[in-house]
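Please look over the sequence and the model shown here before reading on.

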Amino acid sequence: MAIITISRGSYSKGKEVAEKTAQRLGYRCLSRDVILEASGSYHIPEIKLVKAIHDAPSVLDRLSGGKRAYIAYYQSALARLVQKDNIVYHGLAGHLLLKGVPHVIKVRIIADLADRVRQEMQQEGVSEQDARSLILKDDEERRKWTLSLYGADPWDSALYDFVIHIQRFTVSNAIDFVCEAAGLEQFRTTRESQQKMDDLALAGQVKAALAMLSADVAVTSEYGNVLVFVGSDDRLARKLRDKIKTLIAGIEGINNIEVHSRTAVPPDAI
Amino acid sequence: MPVIIISSDAYRTGREIAESAAAVLEYRFVGREILGTAAEKYGISEAQLLQALDRSPSFLRRSSKLRKRCMAYIQEITLCELLKDEVVCQGLAAHLYVLGVSHVLRVRILSDAERESGQSAAQRGTSLGTVKKLLDREKTAQRRWSMDAFSSDETDPSHYDLVISLSQIDSNEAVKIIRETVGYPRFKPMTYSINCMKDLALSSRVRAVLWEKFPGARVRADRGTVIIETAALKRDKEKRVKAIKEMAGEIPGVDYVEVHVTNHLFRQAGGALR
């Protein structure tokens with residue numbers, strides 16, 4: 001019983017590996033469902049959400065924090081969907097959005113650039129040069145996205161439990177690796193790890209609710225005790241304290257909520 | 001039978017895994033012990049060879065000739081060992097120069113940074129923060145080293161077939177994964193892959209022999225034919241070709257030597273100005 005996140009570049013067979021792994025393990029496979037869930041729950045047009053989470057933040061986005069709000073909605077939707085366990089998720093930054101949960105297996109699938117270029121040429125009917133530049137542009141966009149929002153490079157192997165170079169294996173070999181990892185003791189869902197997952201989902205919901213006022217906050221939850229950190233913005237802290245009850249109305253599972261300013265943000269905050 | 005090359009961000013961790021994998025598979029372990037043989041063969045101290053593998057190049061001595069010379073010798077001796085099959089190799093930077101051989105499984109092991117820092121802090125009696133900074137610096141130095149020695153970033157996952165992080169997976173499981181992976185049919189040696197390995201070994205042997213006199217020579221081998229590229233002044237061309245052919249022709253396994261000379265533009269320009 002585990003949650004498997006598969007990070008992939010275009011044409012790396014990651015989607016196929018994810019779908020077939022889910023099939024073999026009898027897990028649910030998630031990808032686009034997260035966008036639909038976020039779009040439905042937070043009443044944002046799907047197209048706007050897709051654009052926001054695909055493109056790297058512009059300078060204006062970084063100043064206004066607009067993109068962060070969309071990410072908060074996406075993270076909240078993802079955490080709620082995977083909370084039920086036995087999930088294979090392939091898509092945006094699962095390894096970063098679900099950080100700190102012990103029963104999440106983080107896998108990255110990579111492929112040779114030459115092979116990806118060939119596939120892009122076949123699929124899109126473009127020249128080799130165009131195909132190469134399209135793939136490199138897409139990779140760069142992904143890299144900028146994670147770097148600007150999480151300060152992490154998606155190409156850094158240390159972010160994952162496994163990196164599989166698909167060129168040297170078959171899809172079936174890659175599925176074997178992932179399924180074997182899913183059977184390991186340390187990735188089994190325990191009461192404590194499920195609690196961490198529940199806390200992450202709750203923190204995600206609170207952050208998404210607060211994002212309507214400001215996305216520039218960090219949130220943690222421990223057994224339903226939620227802490228909101230607002231950096232050194234005392235005005236925002238006051239505003240949040242006044243409106244927090246209204247903003248979080250309808251979120252279940254909160255025992256207590258506090259807003260802190262000028263306090264160091266814990267590393268597990270989202 | 002296949003060859004396994006293990007690289008790691010922490011030498012000790014990599015060695016542990018490599019030794020265990022060799023024991024489980026009943027393969028031979030090839031590690032830094034072979035440096036003694038290289039030292040004896042090429043008349044260089046073992047300490048210098050070790051330094052060439054460990055030391056990050058300083059800013060001013062980035063392409064120190066000695067390090068490159070040492071690496072040429074290490075490469076030759078390692079490839080000679082890898083020809084024997086059923087080998088687990090670690091600590092000799094083989095992942096950076098054994099390329100294009102299909103029966104070689106290349107695995108990168110990432111140590112658990114948290115555990116490693118904790119152990120190191122306890123051993124050294126320093127704070128966790130200091131140790132983390134130190135380890136980060138060591139990792140950056142390793143990366144710089146691979147860029148300098150082979151123009152290749154060893155942290156790039158595309159250089160490996162598999163990267164396993166030990167932050168949640170323990171060493172025994174990593175060894176089990178390696179054992180199972182090496183059993184896949186595509187890691188079985190074939191005539192073509194064996195020939196590729198032989199070509200690599202032969203070219204490294206020729207390069208090591210030529211190093212003393214022609215350190216800039218680039219060597220490629222193709223089933224006994226050795227192609228050497230070198231730069232020379234026009235007037236030295238014939239002399240150089242002859243010397244290279246003589247030296248390379250005496251090496252066992254070399255059937256034919258082809259030397260391609262390009263003009264030494266800078267020296268030529270210098271000569272013209274004189």
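## Sheet, chain contact, domains and helices

Strand β4 (residues 104–110) of chain B runs parallel to β5(B), and four bridges link the two; strands pair if DSSP finds at least two bridges between them. Helices (H or I, at least four residues) and strands (E, at least two) are DSSP runs numbered from the N terminus. This is a predicted model, in which local features need pLDDT of at least 70 and side-chain atom pairs count only at pLDDT 80 or more, while totals for chains, interfaces and linings use all residues. Residues are numbered from 1 along each chain as its sequence is written, and chains are lettered from A and ligands numbered from 1 in the order in which they are written.

- The open sheet has 10 strands with mixed pairing, in the order β2(A)-β3(A)-β1(A)-β4(A)-β5(A)-β5(B)-β4(B)-β1(B)-β3(B)-β2(B).
- At its edges are β2 (28–30) of chain A and β2 (28–30) of chain B, each of which pairs on one side only.
- On average, and with direction ignored, neighbouring strands of this sheet are turned by 20° against each other.

**Where chain A meets chain B**

- Chain A brings 14 residues to the contact and chain B brings 15 residues.
- On the side of chain A that touches chain B, strand β5 (residues 162–165) of chain A gives the most, with four residues.
- That side of chain A consists of eight nonpolar, four polar and two charged residues, where Ala, Val, Leu, Ile, Met, Phe, Trp, Tyr, Cys and Pro count as nonpolar, Asp, Glu, Lys and Arg as charged, and the others, Gly among them, as polar.
- β5(A) is antiparallel to strand β5 (residues 162–165) of chain B, and three bridges join the two strands; I164(A) has L162(B) as its bridge partner.

**Two domains in chain A**

- Chain A is assigned domain 1 (3–187) and domain 2 (191–260), with bounds that come from an automatic or database domain assignment.
- The C-alpha centres of domain 1 and domain 2 of chain A lie 26 Å apart, and their contact takes 16 residues from domain 1 and 14 residues from domain 2.
- α5(A) gives the most to the side of domain 1 of chain A that touches domain 2 of chain A, with eight residues.
- A77(A) lies in helix α5 (residues 66–82) of chain A and is buried because 27 C-beta neighbours lie inside 10 Å; a residue is buried if 20 or more other C-beta atoms lie within 10 Å of its own, exposed if 12 or fewer, and partly exposed in between, with C-beta atoms placed from the backbone.
- Not counting residues up to four places away in sequence, A77(A) touches V34(A), E37(A), A38(A) and S41(A).

**The β6–β7 hairpin of chain B**

- Strand β6 (residues 218–222) of chain B and β7(B) run antiparallel and are joined by five bridges, with T225(B) as the bridge partner of D222(B).
- The two strands form a hairpin with two residues between them, and R223(B) in the turn has a positive phi of about 45°.

**Loop residues with positive phi in chain A**

- H43(A), in the loop between α2 (32–42) and α3 (46–54) of chain A, has a phi near 55°, a positive value in a residue other than glycine, and H43(A) is exposed, with 8 other C-beta atoms within 10 Å.
- D85(A), in the loop between α5 and β3 (87–90) of chain A, has a positive phi of about 75° although it is not a glycine, and D85(A) counts as partly exposed with 15 C-beta neighbours inside 10 Å.

Methods
Two residues are in contact if their C-beta atoms, placed from the backbone, lie within 7 Å. Axes are lines fitted to C-alpha atoms, for helices over the stretch in contact, and angles run from 0 to 180 degrees between N-to-C directions.
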